[in-house]
Amino acid sequence: IVILPLQHPIRLAEDALTVHAISGGRFKLGVGLGYRTAEFAGFGIPYRERRGRLEEGLAILRAAFEGRTFTHRGRHFDLGEITITPRPDAIGGPE
């Protein structure tokens, strides 16, 4: 389980897909919202942004796990055209 609002979703997607590939498809990614204000302060992320960052991060992860080139322009992340590597071996990525 990863506290998604504290992560960059592209890095997380690529890390998850890499572990999924080297584990023979046995990796399952879980994400959470987080609740400790000190953790958010430590990363310099306002606690009040956690829900928006979670929702936006999930949208980016879903797009990344589809295996196609995509773009994203949101409140917290502004991504140009991006292709995730390694590509997922099946649509949906590491669930």
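The side chain of Glu56 reaches the backbone nitrogen of Phe77, at a distance of 2.8 Å in this predicted model. Glu56 itself belongs to helix α3, which spans residues 50-64, and once its neighbours within four places in sequence are set aside, Glu56 is in contact with His72, Gly74, Arg75, His76 and Phe77. Although Glu56 is buried, it has no salt bridge; the nearest side chain of opposite charge is that of Arg75, and the separation is 7.1 Å, whereas a salt bridge would call for a side-chain nitrogen of Lys or Arg within 4 Å of a carboxyl oxygen.

One of the contacts of Glu56, His72, stands opposite Leu79 in strand β4. Strand β3 covers residues 70-73 and strand β4 covers residues 78-82, and the two run antiparallel, joined by three bridges. Together β3 and β4 form a hairpin, with four residues between them.

Arg68 is placed in the loop between α3 and β3. Is Arg68 buried or exposed? Arg68 counts as exposed because its relative accessibility is 53%, and the threshold for that class is over 50%. The side chain of Arg68 makes a polar contact with the side chain of Glu66, at 2.8 Å. Apart from neighbours within four places in sequence, the residues in contact with Arg68 are Ala63, Ile82 and Arg87. With Arg87, which lies 19 residues away along the chain, the C-alpha to C-alpha separation is 8.3 Å.

| From | To | Distance |
|---|---|---|
| Glu56 side chain | Phe77 backbone nitrogen | 2.8 Å |
| Glu56 | Arg75, nearest side chain of opposite charge | 7.1 Å |
| Arg68 side chain | Glu66 side chain | 2.8 Å |
| Arg68 C-alpha | Arg87 C-alpha | 8.3 Å |

In the segment after β4 lies Pro86, and the peptide bond that joins Thr85 and Pro86 is cis, with omega at about 0°. Most peptide bonds, by contrast, are trans.

As for confidence, the chain has a mean pLDDT of 93, and 95% of its residues reach 70 or more. Confidence is lowest in helix α1 (residues 9-22), where the mean is 94, and highest in strand β1 (residues 2-3), where it is 98.

Terms used:
Residues are numbered from 1 along each chain as its sequence is written. This is a predicted model: local features need pLDDT of at least 70, side-chain atom pairs count only at pLDDT 80 or more; totals for chains, interfaces and linings use all residues. Side-chain values use heavy atoms; hydrogens and water are left out. pLDDT is the predictor's confidence in each residue, from 0 to 100. Two strands pair if DSSP finds at least two bridges between them. Buried means under 20% relative accessible area, exposed over 50%, partly exposed in between (1.4 Å probe, protein chains only). Lys and Arg count as positive and Asp and Glu as negative; His and the chain ends are not counted. A polar contact is a pair of N or O atoms within 3.5 Å; within protein, one must be able to donate a hydrogen and the other to accept it, and residues adjacent in sequence count only if both atoms are side-chain atoms. Contact means heavy atoms within 4.5 Å.
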